[in-house]
Amino acid sequence: MCKLYVYQTPIGPIFIAYSNGRYRAVFENESLESYDTVEQAAQHLAGRHRFMVAGGVDTGTLGIPGNLRHWQNCLQVAI
């Protein structure tokens, strides 16, 4: 699994990763759902589709943005 984007939430980082031809929403190394596009994953995490994580926390309450410009790109390397 290749982690592409990360967003820091109050309960820890949420990732969008790529694996087996799909983009996956990942929290604490657990795949929550898979998607056709990275944008679809971000939009669903932002509230279009909610998940219960970390003992019952609703991802819709974490302020996760649907626009990838607000996520950190894990593949960018500072030179």
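D36 forms a salt bridge with R22, in which the closest N and O atoms are 2.3 Å apart. The pair links distant parts of the chain, since D36 belongs to the loop between β4 and α1 (38–48) while R22 belongs to strand β3, 14 residues apart. The coordinates come from a predicted model, and the structure holds 1 salt bridge. The two partners fall into separate accessibility classes: D36 counts as exposed because its relative accessibility is 55%, whereas R22, at 26% relative accessibility, counts as partly exposed. In general terms, side chains of opposite charge can pair when their charged atoms come close.

The strand that carries R22 belongs to an open sheet of 5 strands, arranged in the order β4-β3-β2-β1-β7 with antiparallel pairing. The edges are taken by β4 and β7, each of which has a single partner strand, so one side of each is left without a neighbour in the sheet. Strands of a sheet pair through backbone hydrogen bonds, either parallel or antiparallel.

Within this sheet, β1 pairs with strand β2 (residues 12–19) in the antiparallel sense over 7 bridges, and the two strands form a hairpin with 2 residues between them.

The pairing continues from β3 (residues 22–27) to β4 (residues 30–35), which run antiparallel and are joined by 5 bridges. A hairpin is formed by β3 and β4 with 2 residues between them, and E28 in the turn has a positive phi of about 50 degrees.

Aromatic side chains were examined next, and the count comes to 2 aromatic pairs. One of these is formed by Y7 and W71, whose rings are tilted, with 5.7 Å centre to centre and 50 degrees between the planes. This pair links distant parts of the chain, as Y7 lies in strand β1 (residues 2–9) and W71 in the loop between β6 (57–58) and β7 (72–73), 64 residues apart. W71 counts as buried because its relative accessibility is 6%. A ring is also involved in an arrangement at K3, the charged end of which sits over the ring of F15 at 4.2 Å from its centre.

W71 is also among the contacts of A42, a residue placed in helix α1. A42 has a relative accessible area of 0% and is therefore buried. When neighbours within four places in sequence are left aside, A42 is in contact with I16, P65, G66, L68 and W71. The C-alpha atoms of A42 and F15 are separated by 9.3 Å, although the two residues are 27 residues apart along the chain.

A further position, R50, lies in the loop between α1 and β5 (52–53). R50 counts as partly exposed because its relative accessibility is 47%. Beyond its neighbours within four places in sequence, R50 is in contact with D58, T59 and G60. Between R50 and L32, which are 18 residues apart in sequence, the C-alpha to C-alpha separation in space is 9.9 Å.

Finally, the cysteines were considered, and the count comes to 0 disulfides. C2 is in no disulfide, the nearest cysteine sulfur being that of C74, 8.2 Å away. Because a disulfide requires sulfur atoms within 2.5 Å, the sulfur of C74, at 8.2 Å from its closest counterpart in C2, is too far for a bond. C2 counts as partly exposed at 34% relative accessibility, and C74 is likewise partly exposed, with a relative accessible area of 32%.

Technical notes. Residues numbered from 1 in each chain as written. Predicted model: local features only at pLDDT ≥ 70, side-chain atom pairs only at ≥ 80, totals over all residues. Heavy atoms only, no water. Phe/Tyr/Trp six-rings, centres within 6.5 Å; stacked < 30°, edge-to-face > 60°. Helix = DSSP H or I, 4+ residues; strand = E, 2+ residues; numbered from the N terminus. Buried < 20%, exposed > 50% of the residue type's maximum accessible area, 1.4 Å probe, protein only. Lys NZ or Arg CZ within 6 Å of the ring centre and 35° of its normal. Pairing = 2+ DSSP bridges. Salt bridge = Lys/Arg side-chain N within 4 Å of Asp/Glu carboxyl O. Contact = heavy atoms within 4.5 Å.
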